[in-house]
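Subject: Structure handover

Hi,

Here is the structure I promised to pass on. Please open it beside this email and follow along.

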Amino acid sequence: HIYADAKDASRAVAREIADLIREKQGAGKPCVLGLATGSSPKTVYAELIRIHREEGLSFRNVVTFNLDEYYPMEPDSLQSYVRFMKEQLFDHVDIPEGNYNIPDGTVRVDKVADFCRAYEARIESYGGLDFQLLGIGGNGHIGFNEPGSLINSHTRLMMLDHSTRAAASMDFGSLARTPRKAITMGVASILAAKRVVLLAWGERKAPVIRGAVEGTVTEHNPASYLQTHPNALFVIDEAAASEL
Ligand code: GLP
């Protein structure tokens with residue numbers, strides 16, 4: 001779906017999420033959301049906060065799993081995704097504190113594999129993700145599944161690409177201070193969601209969106225794996241659609 005701008009697009013995505021939360025509430029069930037960081041989802045979170053305030057949408061039945069976190073990373077660091085999610089969404093809605101899950105950037109290196117298995121088991125214990133929100137890196141990464149990630153990859157520690165670190169170095173002050181690794185949900189973990197919505201805004205994303213949507217399914221552009229999902233949608237603005 002191509003929208004005139006990110007605001008219109010974000011409104012439509014937030015509406016879909018709000019409707020899903022209400023539907024699950026009606027059925028007395030948790031609504032299990034996979035969430036993303038980066039600049040793209042910020043407008044969706046802002047719109048969800050508006051719906052919470054103005055329409056009384058409750059998040060009490062919402063359980064969330066974030067895609068990724070830098071490694072190592074302290075949760076109260078400026079650049080942590082824990083802090084990002086609190087600032088952009090969790091602190092402004094009534095989601096219970098135990099209901100949100102973000103990969104733990106403080107786990108000991110020899111415990112990371114166990115942590116990743118437990119993270120996936122926890123998602124499974126809720127019956128899997130009802131909805132997964134995604135951004136896309138300039139190199140096609142989803143979560144932090146960098147090019148080369150396989151379609152059957154699971155939650156794991158990933159070495160970040162140079163281009164990813166260069167983009168993130170703005171937040172960390174320098175490339176030297178930017179983490180080299182991250183814990184990310186795998187491609188298989190993402191594709192297991194019942195519904196996947198990927199957001200992309202701006203001309204900078206146009207080439208990678210073209211590859212993901214019209215190119216072949218390839219590990220060189222991990223977002224292209226969404227072509228194999230039965231219920232995935234790219235929600236983009238006109239600038240990101242300019243090479244389609
Ligand atoms: C980071 C995140 C990704 C996100 C990407 C794009 O690498 N880990 O999940 O999709 O940034 O960010 P932006 O939305 O700011 O372009």
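Below is what was found, topic by topic.

This is a predicted model: local features need pLDDT of at least 70, side-chain atom pairs count only at pLDDT 80 or more, and totals for chains, interfaces and linings use all residues. Residues are numbered from 1 along each chain, as its sequence is written.

**The annotation**

An unreviewed UniProt entry carries the annotation "domain: Glucosamine/galactosamine-6-phosphate isomerase" for residues 5-229. UniProt positions are given in the numbering used here, feature names are shortened, and annotations may be inferred rather than shown by experiment. Over residues 5-229 the chain is 36% helix and 15% strand. The end C-alpha atoms of that stretch are 25 Å apart. Helices (H or I, at least four residues) and strands (E, at least two) are DSSP runs, numbered from the N terminus.

**The sheet**

Start with the open sheet of 7 strands. Its order is β1-β10-β9-β6-β2-β3-β5, with parallel pairing. Two strands pair if DSSP finds at least two bridges between them. β1 and β5 stand at the edges with a single partner strand each, so one side of each has no neighbour in the sheet.

Now look at β10 (residues 232-237). It pairs with β1 (residues 2-3) in the parallel sense over 2 bridges. There, Y3 has D237 as its bridge partner. β9 also runs parallel to β10, and 5 bridges join them. A200 stands opposite I236 in β10.

**Helix α3**

Which residues of helix α3 (residues 81-88) are buried? They are Y81, V82, F84, M85 and Q88. Buried means that 20 or more other C-beta atoms lie within 10 Å of the residue's own; exposed means 12 or fewer, and partly exposed is in between, with C-beta atoms placed from the backbone. Seen down the axis of α3, the buried residues fall within an arc of 160 degrees, so they line one face of the helix. The arc is that of the directions from the helix axis to the C-beta atoms. An α-helix has 3.6 residues a turn, so residues three or four places apart point the same way. The buried residues of α3 pack against β2 (31-35), α2 (42-55), β3 (62-66), β4 (68-71) and β5 (100-101).

**Loops**

P72 sits in the loop between β4 and α3. A cis peptide bond joins Y71 and P72, with omega about -5 degrees. Most peptide bonds are trans.

G127 lies in the loop between α4 (112-125) and β6 (131-134). G127 is exposed, with 11 other C-beta atoms within 10 Å.

E203 is in the loop between β9 (196-200) and α7 (206-214). E203 counts as partly exposed because it has 13 C-beta neighbours inside 10 Å. Leaving aside neighbours within four places in sequence, E203 is in contact (C-beta atoms, placed from the backbone, within 7 Å) with A239 and S242.

**The ligand**

How many residues surround the ligand? There are 13, and the closest are G38, S39, S40, G135 and G137. A residue counts as near if its C-beta atom, placed from the backbone, lies within 6 Å. The shell divides into 4 nonpolar, 8 polar and 1 charged. Ala, Val, Leu, Ile, Met, Phe, Trp, Tyr, Cys and Pro count as nonpolar, Asp, Glu, Lys and Arg as charged, and the others, Gly among them, as polar.

Best wishes

Definitions and conventions. Contact = placed C-beta atoms within 7 Å.
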